[in-house]
Amino acid sequence: CITLPHLISVGLHVSFGSRQLFTVGDEYKYNYEVLITTGTEEPVSHAASYRLKGVLRVQGTAQNRVTVKLEDVGIGLFNGQWSYFPVPSVNYLPLEELNSLSEPFQIVSENGKFKTLLMNDQEPEWASNMKRGLATYLQMNLERVSPQKLMFFKDEEVRQKAI
């Protein structure tokens with residue numbers, strides 16, 4: 001469950017002509033939430049899971065390059081009887097060990113596809129793997145997208161110029 005409302009559609013709408021997803025000089029802000037679960041269904045539905053949430057900031061910093069930062073990261077833990085409908089609620093707590101996720105990183109892309117990730121080489125492996133996953137989620141192969149066939153809608157978006 002990742003909440004990034006209409007991220008790709010809105011980004012394409014803004015700058016499809018240049019074959020990039022995010023406009024240079026603009027910042028896009030999204031609520032980010034991910035649920036990671038493992039468990040069993042029999043004899044009873046039981047799971048261990050954690051949820052991360054935060055605010056995802058994406059800035060178009062150069063042609064085919066964006067800077068990404070996850071802020072206000074919180075974690076919620078669950079262990080017990082499980083149901084997807086509704087998913088058990090958790091209390092989110094800030095955790096100092098998650099600070100590595102708040103370090104900004106850059107994604108270099110080509111035609112909307114993730115090509116290179118630039119980040120601190122001293123980051124823990126788990127944090128760099130999560131950032132790779134996020135970079136993969138923020139890509140779209142623009143070579144296969146025709147602007148004439150795109151249909152998209154806008155829910156709630158506020159565009160701001162990057163600082």
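The model is predicted: local features need pLDDT of at least 70, side-chain atom pairs count only at pLDDT 80 or more, and totals for chains, interfaces and linings use all residues. Residues are numbered from 1 along each chain as its sequence is written, and side-chain values use heavy atoms, without hydrogens or water. Here pLDDT is the predictor's confidence in each residue, from 0 to 100. Helices (H or I, at least four residues) and strands (E, at least two) are DSSP runs, numbered from the N terminus.

The chain has a mean pLDDT of 77, and 74% of its residues reach 70 or more. Residues 1-17 have pLDDT below 50; beyond near neighbours in sequence, this stretch has 48 contacts (heavy atoms within 4.5 Å) in the model. Where pLDDT is low, the predicted coordinates should not be read in detail.

A nonpolar core is a set of buried Ala, Val, Leu, Ile, Met, Phe, Trp, Tyr and Cys residues joined through side-chain atoms within 4.5 Å. Buried means under 20% relative accessible area (1.4 Å probe, protein chains only). The largest such core has 23 residues. Leu52, Leu56, Val58, Val68, Ile107, Leu134 and Leu138 touch the most other members. Strands E1 (26-40), E2 (46-62), E3 (65-81) and E4 (105-110) and helix H2 (125-137) each supply at least two residues. E3 gives the largest share, five residues. A second, separate core of five residues includes Ala47, Phe78, Trp82 and Val90.

E4 runs antiparallel to strand E5 (residues 113-118), joined by five bridges. Ile107 stands opposite Leu117 in E5.

Terms used
Buried < 20%, exposed > 50% of the residue type's maximum accessible area, 1.4 Å probe, protein only. Pairing = 2+ DSSP bridges.
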